[in-house]
Amino acid sequence: MTRHDKLGAVKQSEAQNSSLILVAAGMGTRLGAGIPKAMVQVAGKSLAEHAVDRILGVGQITEIIVVTPPKDERLAAAMAQYGERVRTVPGGASRAASVRAGLAVASSEAANILVHDAARAFAPAELHERVLHALADEQCSAVIPALDVTDTICVVQPDASGEDEIIKETPARSTLRAVQTPQGFDAALLRAAHARLDSCTEAELELVTDDASIVRAFGAEVQVLPGSQQALKVTYPEDLDAAGKLAASHLASNPSAKEEAMILPRVGNGIDVHAVSDDPAREMWLAGLHFPDDIGLSGHSDGDAVAHAACDALFSAAGIGDLGTHFGVDRPEFAGASGVSLIAEAARLVREAGFEIGNVSVQFVGRRPRFAARREEANAVLSAAIGAPVSVIATTSDGLGYEGEGKGVTAYATALVYPVSH
């Protein structure tokens, strides 16, 4: 039985159309940006946008399917600028599940399917073209780009104590390659190989590092071709420096792209003041947190001066009014509303107005509540509410003024937003 008989894959010609699945569903916790990795900005554009811009230069790829973070619509909204050639679909809990989500909506007429990581946003169009050219060969059903390994790589194992590692073996560097994306496959082969994953557990799916390993397990040979240094993977914060240099090099050689990428951020400031309530039973809510040992702040909503100042800063930066415009006393539906719900709605309105949020910084002045021990908790709550980094710090007025007397709290906020490119 030949390999093609075994796989049941029908090879099609290079002239036929191809689909590309761009995997952009990961949070990128090692990058530490506080937002999904594909949305991290480099030279005024998200990694996902940089990837799509390059893929659009490959004429044979007739559809791009961007697999977005589940339950997060921001990346899908950003992709709308590209029109019908780019579609989005929510991803899954694992990389394999995300690719399968893309396969489910990929065109059934595609001869080949490329799978690419948004983290390798600067892989040039030429690399995609070489992968597709290799797939045109009747004998090739799977192909991946890879680079030679320059470091010495060791296989390790625990020592007798189980506390340290020792070298088990050192493979010859000549046999090792560092695998990249895009990885290209005969469409029927990739679909069939992924279908076999139905019997795998979630734990087993987590071990799947790329699609080449899936098709190899299915019995296919995977051809390797030379990769590209530009297809570096953004994983750690320091990788962004290298990515920025690639973006700058691309802009320097493409004047039209340079003009398009000049997106200037906008900064807004907000101030909010609330007196301590005369009602001793009023709950204290500040920076999205409940402080049960303190009397709350007066106000139309919950009196969360930190959240309100952040809202005003966001509205100011986007130029869409202020807190009173959107949540004033003439809006009874916001009576008693939590600061978290207001800042989440403010973020939605800012994005609706055509902006993305870079970050928000807030400082409040007051004697109470004691805040230092809960700072990181507050940052996490507010960052989750707006989908961008929020940092809160606190200080006292050294006993001066109404803050020093414990009669009220003042919060000062600064927000950075930037227009979404169209």
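Q: Which residues of α14 does α13 meet?
A: This is a predicted model. On the α13 side, the residues involved are Val-340, Ile-343, Ala-344, Ala-347 and Arg-351. Their partners in α14 are Val-381, Leu-382, Ala-385 and Ile-386.

Q: How many residues of the contact of α13 with α14 are charged?
A: The residues of this contact divide into 8 nonpolar and no polar. Arg counts as charged, and Arg-351 of α13 takes part in the contact. The number of charged residues is 1.

Q: Is the crossing of α13 and α14 left-handed or right-handed?
A: Helix α14 covers residues 375-386. The axes of α13 and α14 come within 8 Å and cross at roughly 40°. The crossing of the two helices is right-handed.

Q: Are α11 and α13 roughly parallel or oblique to each other?
A: Helix α11 spans residues 305-318 and helix α13 spans residues 339-352. Their axes come within 9 Å and cross at roughly 10°. Angles under 35 degrees count as roughly parallel. The two helices, α11 and α13, are therefore roughly parallel.

Q: How many residues in the contact of α11 with α13 are nonpolar?
A: From α11 come Ala-307, His-308, Ala-310, Cys-311, Leu-314, Phe-315 and Ala-318. From α13 come Gly-339, Leu-342, Ile-343, Ala-346, Ala-347, Leu-349 and Val-350. By class, this contact has no charged residues and 2 polar ones, and the nonpolar residues number 12.

Q: Is α4 roughly parallel or oblique to α6?
A: Helix α4 runs over residues 95-105 and helix α6 over residues 187-195. They pack at an angle of about 130°, with axes 11 Å apart. That angle makes α4, relative to α6, oblique.

Q: Which residues of α6 make the contact with α4?
A: Helix α4 passes α6 in a left-handed crossing. Helix α4 contributes Ala-96, Val-99, Arg-100 and Leu-103. The residues of this contact divide into 5 nonpolar, 1 polar and 2 charged. On the α6 side they are Leu-190, Arg-191, His-194 and Ala-195.

Q: How much space lies in the largest pocket?
A: The largest pocket is lined by 28 residues. Gly-26, Lys-37, Arg-95, Asp-117 and Lys-233 lie nearest its centre. The space in this pocket is about 670 Å³.

Q: How many polar residues does the lining of the largest pocket have?
A: Among the residues nearest the centre of the pocket is Gly-26, and Gly counts as polar. By class, the lining has 10 nonpolar and 7 charged residues. Its polar residues number 11.

Technical notes:
Residues numbered from 1 in each chain as written. Predicted model: local features only at pLDDT ≥ 70, side-chain atom pairs only at ≥ 80, totals over all residues. Heavy atoms only, no water. Axes fitted to C-alpha atoms, helices over the stretch in contact; angles between N-to-C directions. Helix = DSSP H or I, 4+ residues; strand = E, 2+ residues; numbered from the N terminus. Parallel < 35°, antiparallel > 145°, perpendicular 65-115°, else oblique. Left-handed = near helix turned anticlockwise from the far one by under 90°. Contact = heavy atoms within 4.5 Å. 1 Å grid on protein atoms, 1.4 Å probe; cavity = no way out; pocket = protein on both sides within 12 Å on 5 of 7 lines; lining within 4 Å. Points joined across faces, edges and corners; volume = space filled by probe spheres on them.
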